[in-house]
Amino acid sequence: QVQLVASGGGLVQAGGSLRLSCAASGSFFSIDPMGWYRQAPGKQREMVAIISRTGSTNYADYVKGRFTISRENAKDTVHLQMNSLSPEDTAVYYCYANVRRGDWDPGTMSWGRGARVTVSS
């Protein structure tokens with residue numbers, strides 16, 4: 001099993017920045033990809049950004065140019081640097097990881113508990 005522990009959420013004013021981190025621990029072969037989703041009040045969970053072990057990234061259009069995802073493979077950790085935040089970014093941000101048990105395993109998605117981000121206007 002894998003545990004995903006997120007940190008770095010909080011309250012920030014519009015235009016400010018926050019950095020989220022998520023560390024994976026437990027027994028697994030590899031994690032690929034890792035990433036972040038978010039869920040705003042009354043809305044469905046949506047993808048924010050994902051990153052592969054080789055560093056390939058994919059961003060939602062609404063965060064391109066403002067958010068940067070990165071990862072430290074040796075620490076099984078993923079980061080999300082969020083700049084130019086707006087109230088529309090207010091949501092609970094969930095770390096996710098596709099956990100593989102071996103080369104043969106396509107992986108199983110696991111979720112962290114979430115980090116709340118609140119952006120005030």
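Modeller: Welcome! Let me start with a definition: two strands pair if DSSP finds at least two bridges between them. Strands themselves are DSSP runs of E with at least two residues, and helices are runs of H or I with at least four, numbered from the N terminus. This is a predicted model, in which local features need pLDDT of at least 70, side-chain atom pairs count only at pLDDT 80 or more, and totals for chains, interfaces and linings use all residues. Residues are numbered from 1 along each chain as its sequence is written, and side-chain values use heavy atoms, with hydrogens and water left out.

Biologist: Thanks! What makes up the secondary structure of the chain?

Modeller: The chain has zero helices and eleven strands. Along the sequence the pattern reads β-β-β-β-β-β-β-β-β-β-β.

Biologist: Why are strands S4 and S5 said to pair?

Modeller: The rule asks for at least two bridges, and S4 (residues 30-39) and S5 (residues 46-51) have five, in the antiparallel sense. For example, Gly-35 has Ile-50 in S5 as its bridge partner. Six residues sit between the strands of this hairpin, and among them Gly-42 has a positive phi near 75 degrees.

Biologist: And how many bridges join S5 to S6?

Modeller: Three bridges join S5 to S6 (residues 57-59), and these strands run antiparallel. The S5 and S6 hairpin has five residues between its strands, and Gly-55 takes a positive phi near 95 degrees.

Biologist: Why is Val-99 called buried?

Modeller: Buried means under 20% relative accessible area, exposed means over 50%, and partly exposed is in between (1.4 Å probe, protein chains only). Val-99 has 10%, so Val-99 counts as buried. This residue lies in strand S9 (residues 91-100). Across the chain, 44% of the 121 residues count as buried.

Biologist: Which residues is Val-99 in contact with, leaving aside its neighbours within four places in sequence?

Modeller: With contact meaning heavy atoms within 4.5 Å, the residues touching Val-99 include Val-2, Phe-28, Ile-31 and Thr-108. The C-alpha atoms of Val-99 and Phe-29 are 7.6 Å apart, although 70 residues separate the two along the chain.

Biologist: How do you know that the chain agrees with a compact globule?

Modeller: The radius of gyration is taken over C-alpha atoms, and the globule rule is 2.2 Å times the number of residues to the power 0.38. For 121 residues a compact globule would come near 14 Å, and the chain has 14 Å, so the two agree.
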